[in-house]
Amino acid sequence: IWTGDPVSATRGVYALVLGAAASLMYLFMRRILDAHSALLAAALYVFNPMIGLDIAIIQGDLHLLIGVALLPAWLWCLARVDQTSKPLNIMQLSLVSAILVLTDTSLAIAVGAISLGYIAWRLAKKQLGNNLWIILAGILGGITLSSFFWLPAIAESHFVRWLPPMNGNPLDTINWLAPIRAVDPLLANPSPQFAPGWTHLSLVIAGLFTAIIKQSQHPALRILATGLVIALLVSAFPLSPNLQKFLLVASAFLLAGIGGSILLWRNHFPALWRRLPLPTLLIIVWVGCIPVWLPPDLSISEQSINDLAQVTYEVQGFGVAGLPRDQAVPVTIASDLPLNPGLLEGYQVNAVNKLVTSQFTADVQAALLDHNTHSDHFQLRASNPTTLSVLTACFPGWEAWADNDSIPVTCNPATGLIELNIGEAVSGELIIQLGTTPLRTLAWTIS
């Protein structure tokens, strides 16, 4: 809206999300460590090559990047509710829980498992008290707020089947000891490295030493170090894509927390030298992570992401445009359905017509008026009852009107495409659009 350029707008969103991730990481780490350690941890978090390079640039996985910001946000909200059960803190926990579910369900489930571990730990220390029910109420509130998404998704899951990723990821595990390599701008689809880099590893080794020495003063360091050891062990085994994503985010989070803890030693320095460690370490991080904050110019233009470019990308077999390469795809159409040449030509001339032109006769004629992602408008003339095939995947909620009269929408069992059953002669505007269903309306009401 503000830029008029989808490429600039997308880059702006990525920058805002990375900024939010750094800010939220700082807020959480300041609560469990101190301000200087929190600032270093925030820099280590967003400048981790697994976050700032692999997820943000190479994969372009926006929803996972948002999850990167939501993980410290959720932990920060949980710690606030645990400390003070004010209504505002409960609302924040519910809101972040809802955003987690809406962003990445698998990540939300993993974070829920973390919450169970946190609650069990606090109960074992007998420090939770009545806040247990307040925390559970806040999480339940988030699940309720997001019911407009997950309730229809579960109820309508039998309408779709999931296609496996078209391009598997050859580097599906974390390369803990590998150095950072700059991205080759000549590669059309560079592979993610999934390596924290030697700068992060050096700071983490020093941070683990700090955690061993100062765990009595900062109990959270013991949890962070234990989590990092668990992540290191788990990464040695093959994991599903969803678990791999969570391991990636969790490892970056734990690496940042442990690495930032080395600034706890600054209090042992003379007062004159206490300001020196933080800027020195920040400079080391920035220099060691140059490929992250200084990536190559990939010369992306609006023409390279329009509808035609996306269709061409998919026809050439690179994957599904707009989705990470390791993302499964839900479909309702037949797996052997051939590409329609007329539809492809429509994308080329910017006039996408979803009605199969071969079905037009002297008695049935239709002209395209408007095409959008969720609706199509035609000028239709049919002298006799007929059935029209529409090149749109069938799914609950599609509705159609011909000359202001509702007409039945059915699914072709052989192709999985929409069919319109026009029972009488008609001359007027034909509207096809994706509407709601009783279940979706109920879910929105619950939310």
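This is a predicted model: local features need pLDDT of at least 70, side-chain atom pairs count only at pLDDT 80 or more; totals for chains, interfaces and linings use all residues.
Cys411 is partly exposed, because its relative accessible area is 44%, and partly exposed covers the range between buried, under 20%, and exposed, over 50% (with a 1.4 Å probe and protein chains only). Residues are numbered from 1 along each chain as its sequence is written, and side-chain values use heavy atoms, with hydrogens and water left out.

What joins Cys394 and Cys411? The two form a disulfide, with their sulfur atoms 1.7 Å apart; a disulfide here is a pair of cysteine sulfur atoms within 2.5 Å. The count by this rule is one disulfide. The torsion about its S-S bond is about -60 degrees, so the disulfide is left-handed. Cys394 sits in the loop between β5 (386–393) and β6 (398–402), and Cys411 in strand β8 (residues 409–411), so the pair ties together parts 17 residues apart in sequence. The strands (E, at least two residues) and helices (H or I, at least four) are DSSP runs, numbered from the N terminus.

Cys77 counts as buried because its relative accessibility is 2%, and Cys289 counts as buried because its value is 0%.

Now turn to a pair of helices. Helix α4 (residues 62–83) packs against helix α11 (residues 241–260) at an angle of about 50 degrees, and their axes are 10 Å apart. The axes are lines fitted to C-alpha atoms, for helices over the stretch in contact, and angles between N-to-C directions run from 0 to 180 degrees. The helices α4 and α11 are therefore oblique to each other, a word for angles that are not under 35 degrees (roughly parallel), over 145 (roughly antiparallel) or 65 to 115 (roughly perpendicular).

Which residues of α4 and α11 make the contact? From α4 come His63, Leu64, Val68, Leu71, Pro72 and Leu75, and from α11 come Lys245, Val249, Ala250 and Phe253, where contact means heavy atoms within 4.5 Å.

Finally, step back to the whole protein chain. The chain has 16 helices and ten strands, and its C-alpha trace spans about 90 × 55 × 45 Å along its principal axes. Of its 447 residues, 42% count as buried.
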